[in-house]
Amino acid sequence: MPVQFLTIKGEGDHVGSAIVTLDQKSFEESSHVNESIVPTGFTDTTSENIDGGVFFVKSKLLPSKLSDISLEKQITITATPSFQRGMSHWESLIKDYLEKTNNHVLVRADPIYEENAALCNGIILQARSVEDDELSFKAYVYNEQPNFEINKQTSEIRDLKKEAEEAEKARLEEEQRAEEARLAEEARIAAEEAALRAQQVQSIESQVWIPRTGSKYHSNPNCSNMKNPSQVSLSQAQSWGYEPCKKCY
Ligand SMILES: [Zn+2]
């Protein structure tokens, strides 16, 4: 095997490209990373909208067992759970092939970084079986997470789903407040109208009839054979000294 393991130094702190020739013995899942390694941009970030709650994980660029921790450090990146799922899909193809054939697979990974970023956007992963043409692929594995926005420079995350839910909740609360205010205003107008009607009824009821001659006021204009009685307000009749009719009032 001409190529066993090769890394090309990345710019600044960035992890560079790596190439390895794998066989059954040297295969190891990319998620298997020495605990003491802390890749750039790695933070303990949790989120309730992630399975297991842990947002950032450590991942190797290649599914390769490495003898030396300094080599492992050179190919370890800060990744998302979604990246890890993408990697494990392609790794399982390599693993199945190695187990089935006992052959070798040449694997190459090129991480893609934006300038000044601590986290890579993703990696280009290529594999080719050495002894035959059975296995061959080139894939882009995204270092993203559905429903999240990741700041690749600061490793800050935005939970877009949670933000949308909170915005929707605030909108519904505002709608409810507006509806309550509308109902309160309707009730106030209804109460005002009822008060006005009550006043009108009162003013109608407080009208009385007084005769041309006599000292009583009546509620019934036909009481006591009155001729052409006058309608006046109760308070007016009282102020003129009239008293209530015992028959109709
Ligand atoms: Zn009367």
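Ala18 has Ala109 as its bridge partner, and Ala109 belongs to strand S5. Strands here are DSSP runs of E with at least two residues, helices are runs of H or I with at least four, and both are numbered from the N terminus. This is a predicted model, where local features need pLDDT of at least 70 and side-chain atom pairs count only at pLDDT 80 or more, while totals for chains, interfaces and linings use all residues. Residues are numbered from 1 along each chain as its sequence is written. With that in hand, let's take the model topic by topic.

**The sheet**

- An open sheet is formed by 5 strands in the order S1-S2-S5-S6-S7, with antiparallel pairing; two strands pair if DSSP finds at least two bridges between them.
- Strand S1 (5-7) and strand S7 (136-142) are the edge strands, each pairing on one side only.
- From one strand to the next, the twist averages 15 degrees.
- Helix H2 packs on this sheet and touches S2, S5, S6 and S7, and its direction makes about 160 degrees with that of S7. Axes are lines fitted to C-alpha atoms, for helices over the stretch in contact, and angles between N-to-C directions run from 0 to 180 degrees.

**Strand S5 and its partners**

- S2 and S5 run antiparallel and are joined by 5 bridges; one of the pairs is Leu22 with Val105 of S5.
- S5 also pairs with S6, again in the antiparallel sense, over 8 bridges. Here Asp110 has Ile124 of S6 as its bridge partner.
- In a regular strand the side chains alternate between the two faces of the sheet.
- "Buried" means 20 or more other C-beta atoms within 10 Å of the residue's own, "exposed" means 12 or fewer, and "partly exposed" falls in between, with C-beta atoms placed from the backbone.

**Nonpolar cores**

- The largest nonpolar core has 28 residues, and Leu22, Leu61, Leu62, Ile94, Val105, Val107 and Ala109 touch the most other members. Such a core is a set of buried Ala, Val, Leu, Ile, Met, Phe, Trp, Tyr and Cys residues joined through C-beta atoms within 7 Å.
- Two or more residues each come from strand S2 (18-22), strand S4 (76-79), helix H2 (81-101), strand S5 (105-112) and strand S6 (122-129).
- H2 supplies the largest share of this core, 5 residues.
- A second, separate core has 6 residues, among them Val208, Ile210, Tyr217 and Ala237.
- Setting aside neighbours within four places in sequence, Val105 is in contact (C-beta atoms, placed from the backbone, within 7 Å) with Leu22, Ile94, Tyr97, Leu98, Ala127, Arg128, Ser129, Val130 and Leu135.

**Overall shape**

- The protein has 4 helices and 13 strands.
- Its radius of gyration is 44 Å, well over the 18 Å that the globule rule gives for 249 residues, so the protein is more spread out than a compact globule. The radius is taken over C-alpha atoms, and the rule is 2.2 Å times the number of residues to the power 0.38.
- Along its principal axes the C-alpha trace spans about 135 × 35 × 25 Å.
- Of the 249 residues, 24% count as buried.
- Among contacts with a separation of 6 or more, 61% join residues 24 or more positions apart.
- The protein is divided into domain 1 (5-163) and domain 2 (206-249), with bounds that come from an automatic or database domain assignment.
- The C-alpha centres of domain 1 and domain 2 lie 104 Å apart.

**Residues to look up in the viewer**

- Asn116 sits in the loop between S5 and S6.
- Ser155 lies in the loop between strand S8 (148-150) and strand S9 (157-159). Ser155 is not a glycine, yet has a positive phi of about 65 degrees, and it is partly exposed because 18 other C-beta atoms lie within 10 Å.
- Ser239 is placed in helix H4 (residues 234-239) and counts as exposed because it has 10 other C-beta atoms within 10 Å.
- Ser239 and Glu180 are 59 residues apart in sequence, and 49 Å apart in space from C-alpha to C-alpha.

Methods:
Two residues are in contact if their C-beta atoms, placed from the backbone, lie within 7 Å.
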